[in-house]
Amino acid sequence: QAQSMSPTEWCTNGAVSPEAGVGIFAVFVLFYHLSEVAIVYLYNPDELSFDSLLLSRGYAIAMTSAVVEYAVEWYFFPGWKGTCWVFAIGLAIAAAGEALRKIAMIQARKAFTHTIYTYQRKEHKLVKTGVYRFIRHPGYLGWFWWSIGTQIMLTNPVSTIGFAVAAWRFFAARIPYEESKLVAFFGQEYVHYRRETPSWIPFIP
């Protein structure tokens with residue numbers, strides 16, 4: 001007798017297998033890093049370097065910890081893991097965050113860099129169209145929700161909170177510093193843009 005299955009292969013009898021869950025998570029992470037490099041190569045090749053992969057020691061530790069949490073919780077509390085609807089919510093959040101970030105990078109083109117410059121490059125223009133019309137730092141907002149979504153996919157309660165707190169603290173420090181440079185570059189034009197356009201990152205105006 002054939003087993004009943006959900007309409008999608010990754011969700012069987014209401015649960016996502018460890019292999020499918022970790023596999024889809026790995027695809028999301030791999031795509032994130034490779035697409036960062038691809039977009040820099042296509043739209044801002046002068047900025048292309050190994051650093052375009054956005055691999056840091058802290059990030060590697062965080063992602064490794066997330067996989068360890070998933071494995072430990074699956075082994076000791078398998079009933080906590082793999083619920084299809086939780087996985088689907090996390091997948092949707094991560095995909096939306098990834099799409100927003102990549103759209104922002106493409107629309108900004110050479111104005112988007114992974115490094116905060118202390119001087120104004122001739123290619124650096126203040127972008128206020130497209131997604132930037134509604135979101136002041138769409139690349140940051142996209143990454144914020146991408147990182148949280150990946151942990152909801154894995155039903156990692158500790159890492160979900162940890163990633164949210166770490167990402168928020170990172171942007172709470174980075175955005176004011178970056179914006180101090182943008183005000184120096186663009187003056188009142190950026191002051192007005194900052195006042196009129198929210199970041200939409202919680203508790204960061």
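Me: Which residues touch the most other members of the largest nonpolar core?
Reply: This is a predicted model. Its largest nonpolar core holds 48 residues. The residues that touch the most other members are Tyr 59, Met 63, Tyr 132, Trp 143, Trp 146, Phe 171 and Ile 201.

Me: What is Trp 146 in contact with, leaving aside its neighbours within four places in sequence?
Reply: Trp 146 lies in H4, at the meeting of H3 and H4. Contact here needs heavy atoms within 4.5 Å. Trp 146 is then in contact with Phe 28, Val 29, Tyr 32, Tyr 59, Met 63, Ala 94, Gly 97 and Glu 98.

Me: Is H3 roughly parallel or antiparallel to H4?
Reply: The axes of H3 and H4 come within 7 Å and cross at roughly 160°. Angles over 145 degrees count as roughly antiparallel, so H3 is roughly antiparallel to H4.

Me: Is the crossing of H3 and H4 left-handed or right-handed, and how many charged residues does the contact have?
Reply: The crossing is left-handed. By class, the contact of H3 with H4 has 15 nonpolar and six polar residues. Its charged residues number two.

Me: How many helices and strands does the chain have?
Reply: From the N terminus on, the elements run α-α-α-α-α-α. The count is six helices and zero strands.

Me: What share of the residues in the chain is buried?
Reply: Buried means under 20% relative accessible area. The chain has 205 residues, and the buried share is 43%.

Key. Residues numbered from 1 in each chain as written. Predicted model: local features only at pLDDT ≥ 70, side-chain atom pairs only at ≥ 80, totals over all residues. Heavy atoms only, no water. Core = buried A, V, L, I, M, F, W, Y, C linked by side-chain atoms within 4.5 Å. Buried < 20%, exposed > 50% of the residue type's maximum accessible area, 1.4 Å probe, protein only. Axes fitted to C-alpha atoms, helices over the stretch in contact; angles between N-to-C directions. Helix = DSSP H or I, 4+ residues; strand = E, 2+ residues; numbered from the N terminus. Parallel < 35°, antiparallel > 145°, perpendicular 65-115°, else oblique. Left-handed = near helix turned anticlockwise from the far one by under 90°. Nonpolar A, V, L, I, M, F, W, Y, C, P; charged D, E, K, R; others polar.
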